[in-house]
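Open the model in your viewer and keep the sequence panel beside it.

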Amino acid sequence: MNSSEKEISYTTTNTYSTLNSLDTNTKTVWIVFHGIGYLSRYFIRLFESLDKSDNYFIAPQAPSKYYKGDDYRRVGSSWLTKENTKKDTQNVLRYVDAILSEENIPKDKNLVILGYSQGVSIASRWISSRKINPDAFVIISGGFPNELSKKDFSFLNETTKITHILGQKDPYFEIAKVEEEKVRVKHILPQIEFRTHPGGHELDPKTVKNIL
């Protein structure tokens, strides 16, 4: 048997979700990347408590969807796996580029990029590869990609506010590994601020309310 794996390129379509309106009253635009198991339309609801006139939210949708649980009723999604990661990453980043082109965000708005859990990997790779200079970058309950280094973020303004938020009861992170990760990420992003909240592996809107 002589099997082989080949590759093709094709055009695909994906959705994304928004919350509130982008208009002259908008002060801050948020691009928020959900974690594994979410759909963007549910993830974006976590931000409903933030001021509606000041904030406009864009939640990209991870492309790989699957059924959650044995009843095949609920659907979740994933950004990447260990399979074909490099090519899948480029596909996802081009998708995010298309969203930004479609939304045409005015230059006078603050820009916040937020990654939660698995979404941290997409947010950080998009910032570094596209040389995005946000006003704030928020990392919540997620690991920073191993291949990224300090030079990948050398273009960032020193005024960019970078915040790492982790739940004190997060079951996915051991204390020793968290401290080791802090040292690594601090070297890559020197201006980063580390925060904790009393919860677990979750996004608490109160922790990002005054992020700027």
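Select Tyr72 to begin. Tyr72 is exposed, with a relative accessible area of 58%. The cut-off for exposed is over 50%, so Tyr72 qualifies. Bear in mind that this is a predicted model.

Now show the backbone around Tyr72. Which elements flank the loop? Tyr72 sits between strand E4 (64-68) and strand E5 (74-78). Check the backbone angle too: phi of Tyr72 is near 55°. That value is positive, and Tyr72 is a residue other than glycine.

**Next stop: Asn104**

Select Asn104. This residue is in a loop as well, between helix H2 (85-103) and strand E6 (110-116). Is Asn104 buried or exposed? Asn104 is exposed, at a relative accessible area of 61%. Phi is positive at Asn104, near 50°, in a residue that is not glycine.

**Last stop: Val29**

Go to strand E2, residues 28-33, and pick Val29. Its relative accessible area is 0%. Buried means under 20%, so Val29 counts as buried.

What does Val29 touch, leaving out residues up to four places away in sequence? Display Leu22, Tyr56, Ile58 and Ile105.

Finish with a distance. Draw a line from the C-alpha of Val29 to the C-alpha of Ile113: it spans 8.6 Å. In sequence, Val29 and Ile113 are 84 residues apart.

Note on methods. Residues numbered from 1 in each chain as written. Predicted model: local features only at pLDDT ≥ 70, side-chain atom pairs only at ≥ 80, totals over all residues. Heavy atoms only, no water. Helix = DSSP H or I, 4+ residues; strand = E, 2+ residues; numbered from the N terminus. Buried < 20%, exposed > 50% of the residue type's maximum accessible area, 1.4 Å probe, protein only. Contact = heavy atoms within 4.5 Å.
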